Amino acid sequence: MDKSTIKNDRDMQGVDFDDILVFCDKMLRQEPHIAEQLGEEFKYIMLDEYQDTNRVQMSIMDAISRKHNNICVVGDEKQGIYSFRGADITVILSFKNRYPNAKQINMSKNYRSYPEIMRYSNACADAMEQRLSDGQLEPMRKFEESEQERAAKKSNKVVMAEFKTAEQEADNVAKAVFRDLRLGVQGKEIAILYRNRSLKGIIEKKLVDMDIPYRMVGDASFFQKKEVKDMVALVRFIFHPWDSMAGFRFLGATSMGVSVNAAKKASSNGLSVHEFLKESAEKKLKPKKKDEITDFTSAAKKVAPFVELAKMLRDSIKYGDNPVFIKEAIAQIWDIYMKPGLEKVAARSEQDDDLDGRLDNIGYVIERLEKSLVKGMTIDEIIEDLSMMVENNPDMDKSTESKVQMMTLHASKGLEFDNVYMIGLDNITMPGEDATFDDIEESRRLNYVGMTRSKKKLTMTFAVERFHFGQFIKTLPSPFITEIESRIGAKRYVMKAEPPKESAYAKMN
């Protein structure tokens, strides 16, 4: 079919879910007898998660229930956090105005969290202006541990901590998670929550460094990122030239003038990628005249230095050369052959700091390789370690019970964990720059959702300096932290400054 004749979904009588709601609402308003008929058929209506309702959904249910007014809604306005999906908090706030005879039943007892967590959470709720009640919950959960165990695990404790840098914040949170695991807390009962995915990179690397197994909910983990897989493929191909799968991936991430398809075709004829590149490095232009001396092809001029550098690195490993030299040589190869492609990809990205993050990921892999060499690991052991990380290392991919959970605050709604770490609680992130009144209210509710995920221990942290859109910025504590402090007299810990650390990529260059 000619593409020009293809009509859009609506012209083709197709509708999506949102269309169904809009058309249903329109029909009930234009044909009130249908709403009355539905009201006769469905005499009792019950709705859950009512705080997440949008105005079209409200209009539909109000139309159907108008005949009998037998409607029961369940919701918590303190957890309305989905305005970006179209949810409207005023729907639940205005319910009593639309149904003045409705009876409001406040469920004011909490059976999930220990008392101290509820004391802090109630302080957050007390600052909310968009609410139906005072929002205060009575803690009903009984202690499960002995006093000694509770003290060791810091159960029934809330910590608010200020760090000088995001690096220091990530380091301390990772160490705290490590202590939790050592004390017997299951990984699945530990959650690290953040507002934006850009906050997770530093702490994820700390978890990897400490061999803490984790599960990234709703996002790719560090070793599943394309640039990291490409970097690992480069290391594998340099030191294991017979590894054609790594070679194919390396070629796919470079612009040598040698295509992956050509390499695969050569491979089908029994030629490894390494052998194919060696042959490509020796190719010359065809002579126009007999006995004419010709130059190497443009592809050969690009391939030959790589082949020579790779051989030099294999020899360096063989003779035990300085790990710093090996690191710098690998970094140079990456800069020459792979960085240009990454820059092109990043240029098409809408994220201003996307390239900086990707470069830092590359730097981390190379730094990890150097540290492993310094520890005395062989290159084969290092490659096995990196490869298994990429392919879901069994040590990092244990049973679900052993993995620490990492996710956004939005993704955590409805879940619960023994120990919760909320990171990045600065004013730039929570509530954000140029936030309106509604933005602040919703961000406060999101903060409340995060706090109430915790059953036994809650830690809330932020850094006064962090990387934001390509530069280091100074921040203040989130107003939601200072509100809690003022309401219950809590004090945050202010950690001492540590010597500044360069990014992994900056140290390479």
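**View 1. Two asparagines in loops.** Asn-156 lies in the loop that connects helix H7 (147–153) with strand S5, where helices (H or I, at least four residues) and strands (E, at least two) are DSSP runs numbered from the N terminus. This is a predicted model, in which local features need pLDDT of at least 70 and side-chain atom pairs count only at pLDDT 80 or more, while totals for chains, interfaces and linings use all residues. Residues are numbered from 1 along each chain as its sequence is written, and side-chain values use heavy atoms, with hydrogens and water left out. The phi of Asn-156 is near 60°, a positive value in a residue other than glycine, and its relative accessibility of 23% makes Asn-156 partly exposed; here buried means under 20% relative accessible area, exposed over 50%, and partly exposed in between (1.4 Å probe, protein chains only). Asn-69, in the loop between helix H3 (55–65) and strand S2 (71–73), also has a positive phi, of about 60°, although it is not a glycine, and at 47% relative accessibility Asn-69 counts as partly exposed.

**View 2. A cis peptide bond at Pro-431.** Met-430 and Pro-431 are joined by a cis peptide bond, with omega at about 15°, and Pro-431 is found in helix H19 (residues 428–432). Most residues other than glycine have a negative phi, and most peptide bonds are trans.

**View 3. Strand S6 between its partners.** Strand S6 (residues 190–194) pairs with strand S8 (residues 404–408) in the parallel sense over 4 bridges, and Leu-193 has Met-407 of S8 as its bridge partner. Another 4 bridges join S6 to S9, again in parallel, with Val-420 of S9 as the bridge partner of Ala-191. Is S6 buried or exposed? Because 5 of the 5 residues of S6 are buried, the strand is largely enclosed by the rest of the structure, with Ile-190, Ile-192 and Tyr-194 on one side and Ala-191 and Leu-193 on the other.

**View 4. The largest nonpolar core.** A nonpolar core is a set of buried Ala, Val, Leu, Ile, Met, Phe, Trp, Tyr and Cys residues joined through side-chain atoms within 4.5 Å. The largest such core has 75 residues, of which Ile-192, Met-231, Leu-234, Phe-239, Phe-250, Leu-277 and Phe-306 touch the most other members, and its largest share, 9 residues, comes from helix H10 (residues 226–239). Leaving aside neighbours within four places in sequence, Phe-250 is in contact (heavy atoms within 4.5 Å) with residues including Ala-233, Met-256, Phe-306 and Tyr-337.

Key: Two strands pair if DSSP finds at least two bridges between them.
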